[in-house]
Every structure is written in C-alpha cells, then in structure tokens.
Amino acid sequence: MDILDIMKERRSIRKYQDKQIDREALEKIIEAGLYAPNAGGGQRARIVAVHNKELAEKIGRLNLARFDRSRLAGGHVSSEQPSVIDNPNIKSGFYGAPTVCVIFGAGNFLYSIPDAFCCAENMVLEAANLGIASCIVARGEETFDNEVGRALLKEWNIPDTYTACCFVILGYCDGAYPWVKPRKDNRFLIIE
C-alpha cells in the first residue's frame, strides 16, 4: 500500500480486543520508530515496549490519575471511538490496549518532544501497514511522576535525565473500524 494511502486510512483506535499482538510485529513497529526523523541525527529517543496487558493497564491508569479536564480545548472526539474527553468514566488512558510503547526523550534537549512524536508517527504508520490498531497518547511525564512510576523507570534502567514524552498503544480494533472524518477546508496555503 502507498504511504499516503496508509496515512489516509489509519485511525486513532480507543477500543481494543483482548488479543495480544505478536512479538515480530512489535519489533517491526519499534524499528519504524527508530528510523524516524530526529533533530541533528542524534537518535536520542528511547523506546520501552510493554508487551504485557496487565502492566500496560497499570500504566494506563497512572496516565489518567492526574488528568486535568480543565485544560482541554474542545469537547468531543468520537462517538465510535470515545476518548477520555468524551467519557469521564474511562479509567485507563490506554483504553485496554494490550501493548504500549513508551517513548522517552532526553530531558535537557530542546527537541525531545518533536523527536518523540516523529518516532510515534512512524510507529503508528507501520502498525497500520501491519493491520494493527494504534493511538498516540500524551501525558508521559505526569504518568511516571509518582512512586509507582518512578519504580518502573528504575526497573527499566531509564536514566534520570530522560523523560517520558508520549505513548503508542497497540492492539486490534474492537468493533467496526472508524470511517475517515471529512477534511476541513482552508487548512493550507501554497505560495509560489
């Protein structure tokens, strides 16, 4: 499939089957992330893949523990694939996905966040190419800013100089795959 077609077809999925993705697919998705554009070619982003549904759920609950609804811009994301914005009863920021990849960036580097999100975008595109559903989730730093989170970072040997920037959640879509939303007009300008 053409890369533009993949971009047009993939969706952010927030309803997952209780079915784990296979290790080989996960490794390909990680590889795609490692080949993402990165500032100055520094390759600073680090990925920790949690291929364990129970641990992913635990981290997903940490992700929502300090979620501040007052900082939201907009009030509705999707009826088909509701987000924590749509449904305050959702208890995990990872929506039951059986696998989550945590993308870390150097804490003292100006471009850590853009690097991490470029990495995440490559990963979700490769996931779509492999028939695996995905979603990019934010709130990385606050997820691990607690006793349980800091213990996980220590267990994973993540240096204190690194910060969780974002997550890529992975699994198989539960229910119908969402249709594309029409593109809004007047979102680009070409000057020659």
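**Figure 1. Pairing of β1 with β2 in the predicted model.** Strands β1 and β2 run antiparallel and are joined by 5 bridges. One of the residues placed by this pairing is Arg-46, whose bridge partner in β2 is Phe-104. The model shown here and in the following views is predicted.

**Figure 2. Pairing of β2 with β4.** Strand β2 also runs antiparallel to β4, to which 8 bridges join it. Within this pairing, Ile-103 stands opposite Cys-166 of β4.

**Figure 3. The two faces of β2.** Strand β2 is mostly covered, with 8 of its 8 residues buried. Thr-99, Cys-101, Ile-103 and Gly-105 point one way from the strand, while Val-100, Val-102, Phe-104 and Ala-106 point the other way. Residues on both faces are buried.

**Figure 4. The largest nonpolar core.** This core holds 30 residues, of which Phe-104, Phe-144, Trp-156 and Ile-169 touch the most other members. At least two core residues come from each of β1 (46–50), α3 (53–65), β2 (99–106), β3 (133–137), α6 (147–155) and β4 (162–171). Another core, of 20 residues, lies apart from the largest one and includes Ile-21, Ala-36, Ile-103 and Leu-170. In soluble globular proteins, nonpolar side chains tend to be buried together.

**Figure 5. Surroundings of Phe-144.** Leaving aside residues up to four places away in sequence, Phe-144 touches Ile-59, Val-102, Gly-149, Arg-150, Leu-152, Leu-153, Trp-156, Ala-164 and Phe-167. Both Phe-144 and Trp-156 are among the residues that touch the most other members of the largest core.

**Figure 6. Helix α2 and its buried side.** Helix α2 spans residues 23–34, which makes 12 residues, and reaches 16 Å from its first C-alpha to its last, close to the 16 Å expected at 1.5 Å a residue. Its buried residues are Ala-25, Leu-26, Ile-29, Ala-32 and Gly-33. These residues lie on the same side of α2 because they cover an arc of only 120° around the axis. On the other side of the helix, Arg-23, Glu-24 and Leu-34 are exposed. The buried residues of α2 pack against β1, β2, α4 (112–129) and β4.

**Figure 7. The start of α2.** Here a side-chain oxygen of Asp-22 reaches to within 3.1 Å of the backbone nitrogen of Glu-24. Glu-24 itself is exposed, as are Arg-23 and Leu-34, whereas Ala-25 and Leu-26 are among the buried residues of the helix.

How values were computed: Residues numbered from 1 in each chain as written. Predicted model: local features only at pLDDT ≥ 70, side-chain atom pairs only at ≥ 80, totals over all residues. Heavy atoms only, no water. Core = buried A, V, L, I, M, F, W, Y, C linked by side-chain atoms within 4.5 Å. Buried < 20%, exposed > 50% of the residue type's maximum accessible area, 1.4 Å probe, protein only. Helix = DSSP H or I, 4+ residues; strand = E, 2+ residues; numbered from the N terminus. Contact = heavy atoms within 4.5 Å. Pairing = 2+ DSSP bridges. Expected span 1.5 Å × (residues − 1). Arc of directions from axis to C-beta. Polar contact = N/O pair within 3.5 Å; in protein donor to acceptor, adjacent residues only side chain to side chain.
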